[in-house]
Amino acid sequence: MRDKKTILFVCQYFYPEVFRGNDIAFHWAEYGHDVHVVTGIPNYPDGVFHKSYGFFKRRHEVVNGVCVTRLPIFPRGNSKIMLMLNYFSYYIVAWVYILFHAINHKYDFVFVQQLSPVMMSAPGVLYKKLRKVPLYTWVLDLWPESLSAAGGINNKYILGGFKRFVKSEYKYSDKILTSSKSFDQSIMEYGEYRDKIVYFPQWSDGSSVSSGNGIIKDNMNLTNILKQKGIDEAKVFDKDSFKVMFAGAVGEAHGMECNLQAALLTKERKDIKWVIVGDGRRMSWVQQFVKEHGLEETVLTLGRYPSETMPLFFKKADVMLVSLTDSPLFNLYAPAKISSYMAAGRPIIASLNGEGAEVVKDAECGWHVAPGDAQSLAKLVVRLSETAKETLAQKGASGRAFYEENFMKEKCLRNLDEIVGC
């Protein structure tokens, strides 16, 4: 290990919220570095503060050797107004906190995990300006493109305001880490930053959260996990059915309309089951669609579970589904769930275009259909249900090999250590 470092880690989200940045902070602490995370009170994705956290509870704590400061913010709630209050409250409070914190605290460098919103990077930029230390920014969401594509906001003055945040972030970052190679074209619109950009992909989150939170016991299996929600494992994962599994966020961008239309086309094939493990803003629509079209036997919504349990679910699937709505922005993304699917050794159906489709193609671990083409998706699922298990297993094995070569967490973290000089 190199010399011990003191590290300021800035991100609105942190454990028990599940993001890859948790792994980074814990990794550095494990190797003896002093890591201070400045984050908000955890409330993602439910929109309410996590149990045992609040304005006057657990605002300062040490988690796996990481010193965590949780700043008071508005929870996300379930409306756009609350979401904006959530975004701006962290930006304002964190900016003021860093302004005073920088007076008496000197770190060797700042690391920003920049998810949505882009304003969460501003406190890190401020510290870099005040203390003249290196700033490393990991870009996982493109703004203001995300605001326009997912939020439907196209006001030029609003978008222009967010572009100023982005411009400042890229200008002052010593290195700009990107989770998708296609992000380069957007970043380069703000300046000649080719020498700053470093590809730094996401890894599987299947083991990224410690089971010490009491949710998962060492001896707990999938049967017990499902039983807690009143779900009979035998009815969902019977051995005679072909199971197509979608796991993760169920949002506006995830092509659920196409997926459900494909499930409707295979309605009469009772041996084909579409299993959704996750939750999100479109879940109520999904459940209503299932009810209106009588798909209760073939479309099963299981809800959300801790990330460390996901490998137990993936093992039960015959094929995993990753889907995105077709748009210039979403085509730049390689969804993180692809690496998780690969890590589990499961074959993949990619109903998306752009970088995500290219990753699946390069890994030779699955099949591609055009996003929004429900008929082709349904035909592919029917064909795969009649394909030899050995063929599916070979695709899954190819994905696992590609993951070990390109996305293995330990390799990614060692690479990061080289980038930041840890």
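## Charged pairs and a buried serine

Asp174 and Lys128 form a salt bridge, with their closest N and O atoms 2.8 Å apart; the term stands for a side-chain nitrogen of Lys or Arg within 4 Å of a carboxyl oxygen of Asp or Glu. This pair joins distant parts of the chain, 46 residues apart: Asp174 sits in the loop between helix H5 (156-172) and strand E7 (175-178), and Lys128 in helix H3. Helices (H or I, at least four residues) and strands (E, at least two) are DSSP runs numbered from the N terminus.

Please keep in mind that this is a predicted model, in which local features need pLDDT of at least 70 and side-chain atom pairs count only at pLDDT 80 or more, while totals for chains, interfaces and linings use all residues. Residues are numbered from 1 along each chain as its sequence is written, and side-chain values use heavy atoms, leaving out hydrogens and water.

**Salt bridges**

- The count of salt bridges comes to 17.
- Lys128 counts as buried because its relative accessibility is 15%, whereas Asp174 is partly exposed at 34%; buried means under 20% relative accessible area, exposed over 50%, and partly exposed in between (1.4 Å probe, protein chains only).
- Another salt bridge pairs Lys409 with Asp23, and here the closest N and O atoms are 3.9 Å apart.
- That pair also links distant parts of the chain, with Lys409 in helix H16 (residues 409-420) and Asp23 in helix H1 (residues 21-30), 386 residues apart.
- Lys409 is buried at 17% relative accessible area, and Asp23 is buried at 6%.
- Asp271 meets Arg269 in a salt bridge of 2.9 Å, N to O; Asp271 is partly exposed at 29%, and Arg269 is partly exposed at 25%.
- A network of salt bridges links Asp46, Asp279 and Arg304.

**A positive patch on the surface**

- Lys129, Lys132, Lys167 and Lys171 gather in a surface patch of positive charge; such a patch takes residues with over 30% relative accessible area and no salt bridge, joining like charges within 9 Å.
- Lys132, in the loop between helix H3 (122-131) and strand E6 (135-139), counts as exposed because its relative accessible area is 68%.

- With 15% relative accessibility, Ser327 counts as buried.
- The Ser327 side chain reaches the backbone nitrogen of Phe330 at 3.0 Å.

Note on methods
Polar contact = N/O pair within 3.5 Å; in protein donor to acceptor, adjacent residues only side chain to side chain. Patch = residues over 30% accessible without salt bridge, like charges linked within 9 Å, V, L, I, M, F, W, Y side chains within 5 Å. Areas by Shrake-Rupley, 256 points an atom, 1.4 Å probe, with all protein chains shown as cover. Lys, Arg positive; Asp, Glu negative; His and termini not counted. Charge placed at Lys NZ, Arg CZ, Asp CG, Glu CD.
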